[in-house]
Amino acid sequence: MAASLHHAVSKLTLTTAARPESRRRPTFNSVRCCAPPTTTTTTGAGAQRITVKNGNDSLDICRVLNGMWQTSGGWGRIDRDAAAEAMLRYADAGLSTFDMADHYGPAEDLYGIFINRIRRERPPEVLERVRGLTKWVPPPVKMTGSYVRQNIDISRKRMDVPSLDMLQFHWWDYSNTGYLDALKHLNDLKEEGKIKTVALTNFDTERLQIILENGIPVVSNQVQHSLVDMRPQQKMAELCQLTGVKLITYGTVMGGLLSEKFLDTNLSIPFAAPPLNTPSLQKYKRMVDAWGGWNLFQGLLRTLNKIASKHGVSIPTVAVKYILDQPAVAGSMIGVRLGLSEHINDANAVFSLVLDEEDMNSIQEVSKKGKDLLKVIGDCGDEYRRI
């Protein structure tokens, strides 16, 4: 697949009707075919839950999501019973939105075990607030209605739910416009009640616009977004603000790099820093290298540590709050190592934290010293489509 930057949407050609990708591209101003989604919060700036709505499609989620990539292997052995117990503790603490995927090892099965325990062991009001968001990441083959239905039914069975709360769709190869067919079939399944909301993951701005121009209502796009990776606040956020599509972010604490654990460490000296011994730490260390390197990253950690100390919270809490405060962001993910470690207190501290102007300016001052990753990598999701 090509590794070049995608064209800026501002240079795309105006259209007045929905067109497939192989034809002329639309501009932002022409995205009017779908009813603009709206987003509401339950209370003020520190609201714990948020409702994302597009037309008749509506789903409320916790603004801090529990990411379950860590169940797929590489972070330690997951015991299913211990994992379900941990999920119950998160839900009891109000952190009741879980994000997973068809390819995250046993994640969907764990959710099925967990949701049945919720049904048996918790009052109905707890069940009503639990959300299971999953992803479908198919190979770029022909997207027939039967093929899409078969795969969605697999996730429904594994998660033991009659209807998926949110199905987030990923597509590997933009030169194959079958993603439009897949999304139309997913929308049909939504109309049948097998999916409550249709969303995207790792789509770029250009393709998001094409999807909206084809009359396919999506409520969100899940993308990588952190203090190091601010790409979503460039082209993507502008389109999202115009159309109401929201962002759900992952990599927000960079697999744990944005934490006290890595403050004042030197990776160039053996045993002078914690080992980068998980897939997420290794992945996000590459992002640090692309952004500006370890020394610059240490400057960011020191700034965050000063702010965290001022407010009596942790570095990850500050990192998540900063991204949650960005335009178009509905929720941010924190990975959970179920049954191995927990961060319930840090996650819940996000909701009461208020970053003042001094905090924001301090973060922006060090963040802007890094490279523009839009120029280095490309738009959202391009890191998965480079040769």
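Contact, in these notes, means heavy atoms within 4.5 Å. I'm working from a predicted model, and I keep that in mind throughout.

**Entry 1: α5 against α6**

I started with the pair where I needed that definition. Tyr179, Leu180 and Leu183 are the α5 residues in contact with α6, where they meet Arg207, Ile210 and Ile211.

Then I looked up the geometry. Helix α5 covers residues 178-192 and helix α6 covers residues 205-213; they pack at about 50°, and their axes are 11 Å apart. That angle makes α5 oblique to α6. For the hand of the crossing of α5 and α6, I noted right-handed.

**Entry 2: α6 against α7**

I stayed with α6 and moved on to its packing with helix α7, residues 235-243. Here the angle is about 20° and the axes are 9 Å apart. Angles under 35 degrees count as roughly parallel, so α6 is roughly parallel to α7.

Who makes the contact? From α6 I listed Thr205, Leu208, Gln209 and Leu212, and from α7 Lys235, Met236, Leu239, Cys240 and Thr243. By class, the contact of α6 with α7 has 5 nonpolar residues, 3 polar and 1 charged.

**Entry 3: α1 against α2**

Helix α1 is residues 80-92 and helix α2 is residues 107-121; I get a packing angle of about 55° and axes 9 Å apart. The two are therefore oblique to each other, and α1 passes α2 in a right-handed crossing.

The list for this contact took a while to write down. On the α1 side I have Arg80, Ala83, Ala84, Glu85, Met87, Leu88 and Ala91. Across from them in α2 are Asp109, Leu110, Tyr111, Ile113, Phe114, Arg117, Ile118 and Glu121. Sorted by class, the α1 and α2 contact comes to 10 nonpolar and 5 charged residues, with no polar ones.

**Entry 4: glutamate 85**

I picked one residue out of that list. Glutamate 85 sits in helix α1 and is among the α1 residues that meet α2. Is glutamate 85 buried, exposed or partly exposed? Its relative accessibility is 33%, so I put it down as partly exposed.

Leucine 338 is 253 residues from glutamate 85 in sequence, yet C-alpha to C-alpha the two are 8.4 Å apart in space.

**Entry 5: lysine 194**

Where is lysine 194? I found it in the loop between α5 and β8, the latter being residues 195-201. It is a loop lysine, and I wanted to know its cover. At 18% relative accessibility lysine 194 counts as buried, because the cut-off for buried is under 20%.

I skipped its neighbours within four places in sequence and looked at what else touches it. Lysine 194 is in contact with Arg149, Asp153, Arg156, Pro162, Ser163, Leu164 and Leu189.

**Entry 6: whole chain**

I finished with the totals. I count 13 helices and 11 strands in the chain. There are 387 residues, of which 57% are buried. The chain exposes about 15900 Å², and carbon and sulfur atoms supply 50% of that.

Methods:
Residues are numbered from 1 along each chain as its sequence is written. This is a predicted model: local features need pLDDT of at least 70, side-chain atom pairs count only at pLDDT 80 or more; totals for chains, interfaces and linings use all residues. Side-chain values use heavy atoms; hydrogens and water are left out. Axes are lines fitted to C-alpha atoms, for helices over the stretch in contact, and angles run from 0 to 180 degrees between N-to-C directions. Helices (H or I, at least four residues) and strands (E, at least two) are DSSP runs, numbered from the N terminus. Angles under 35 degrees count as roughly parallel, over 145 as roughly antiparallel, 65 to 115 as roughly perpendicular and the rest as oblique. A crossing is left-handed if the near helix is turned anticlockwise from the far one by less than a right angle, and right-handed if clockwise. Ala, Val, Leu, Ile, Met, Phe, Trp, Tyr, Cys and Pro count as nonpolar, Asp, Glu, Lys and Arg as charged, and the others, Gly among them, as polar. Buried means under 20% relative accessible area, exposed over 50%, partly exposed in between (1.4 Å probe, protein chains only). Accessible areas come from the Shrake-Rupley method with a 1.4 Å probe; for residues, only the protein chains shown count as cover.
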